[in-house]
Amino acid sequence: MIRAYVGLGSNLENPLQQVADALRELQAIPNTNLVEHSRLYRSDPVGPPGQPDYINAVACLETSLEAEQLLDELQAIEQAHDRVRVQHWGPRTLDLDILLFGDQVINTERLTVPHAFMCERSFVLYPLAEIEPNLVLPNGDHLSEILLECPMGTLEPIAL
């Protein structure tokens, strides 16, 4: 079993419910167990202006799937939530990103792991640190040290 971390985000069509539902749906992925997840967080949108705020979380999974098989399952969940890819970093009903997949470094046409922007995003780093505070990235960087360079800003935990 490989430990994978997945970032969740939504800012359309009842984002709180979208993320809560997706957390439950992660449990149904074949050959995969939801180990734990962070609280939900409210974050300012990244990307085009005028978007609603996001609801974000991070989930820890243990899976025997290959990384691209897990990606297929995550994209199927996104599609079930009517995810439409119209605008880069635009608003969305649900976004599920593989942040880390064990200690693997993956760079294919479909998948980049560790996630390319995870170390710049408070809405990824703080929920990740909540569930795995002593995490060491595949390149040897410690999550606790990365957090020092990425202020929490307006990110705030919220109740579900």
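1. Let me start with a local pair: aspartate 21 and arginine 24 join their side chains in a salt bridge, at 2.3 Å from N to O. A salt bridge here is a side-chain nitrogen of Lys or Arg within 4 Å of a carboxyl oxygen of Asp or Glu. The two residues sit 3 apart in helix α1, so about one helical turn separates them. Helices (H or I, at least four residues) and strands (E, at least two) are DSSP runs, numbered from the N terminus. Aspartate 21 is partly exposed at 23% relative accessibility, and arginine 24 is partly exposed at 47%. Buried means under 20% relative accessible area, exposed over 50%, and partly exposed in between (1.4 Å probe, protein chains only).

2. A word on the source. This is a predicted model, in which local features need pLDDT of at least 70 and side-chain atom pairs count only at pLDDT 80 or more, while totals for chains, interfaces and linings use all residues. Residues are numbered from 1 along each chain as its sequence is written, and side-chain values use heavy atoms, with hydrogens and water left out.

3. Now the overall fold. The protein chain has 4 helices and 8 strands, in the order β-α-β-β-β-α-β-β-β-α-α-β. Its radius of gyration is 15 Å, close to the 15 Å from the globule rule for 160 residues, so the chain is as compact as a globular protein of that length. That radius is taken over C-alpha atoms, and the rule is 2.2 Å times the number of residues to the power 0.38. Along the principal axes, the C-alpha atoms fill a box of roughly 40 × 35 × 30 Å. Of the 160 residues, 45% count as buried.

4. Do have a look at α3 (122-131). In this helix, 9 of the 10 residues are buried, among them Phe123, Leu125, Tyr126 and Ile131. The buried residues of α3 pack against β1, β2, β3, β4, β5 and α4, where contact means heavy atoms within 4.5 Å. Across the chain, 70% of the contacts between residues at least 6 apart in sequence join residues at least 24 apart.

5. Back to the charges. The count of salt bridges comes to 10. In one of them, arginine 3 meets glutamate 62, with the closest N and O atoms 2.8 Å apart. Arginine 3 belongs to strand β1 and glutamate 62 to strand β4, so this pair ties together parts 59 residues apart in sequence. Both ends are partly exposed, arginine 3 at 30% and glutamate 62 at 26%.

6. Another pair is aspartate 53 with arginine 42, at 3.0 Å from N to O. This one links aspartate 53, in the loop between β3 and β4, to arginine 42 in strand β3, 11 residues away. Arginine 42 is buried at 15%, whereas aspartate 53 is partly exposed at 34%. A network of salt bridges links Arg42, Asp44, Asp53 and Glu156.

7. Finally, some backbone spots to check. Most residues other than glycine have a negative phi, and most peptide bonds are trans. The bond from valine 113 to proline 114 is cis, with omega near -5°, and proline 114 lies in the loop between β7 and α3. Asparagine 14 has a positive phi of about 60° and sits in the loop between β1 and α1; asparagine 14 is partly exposed at 47%. Asparagine 31 also has a positive phi, near 55°, and is found in the loop between α1 and β2; asparagine 31 is exposed at 51%.
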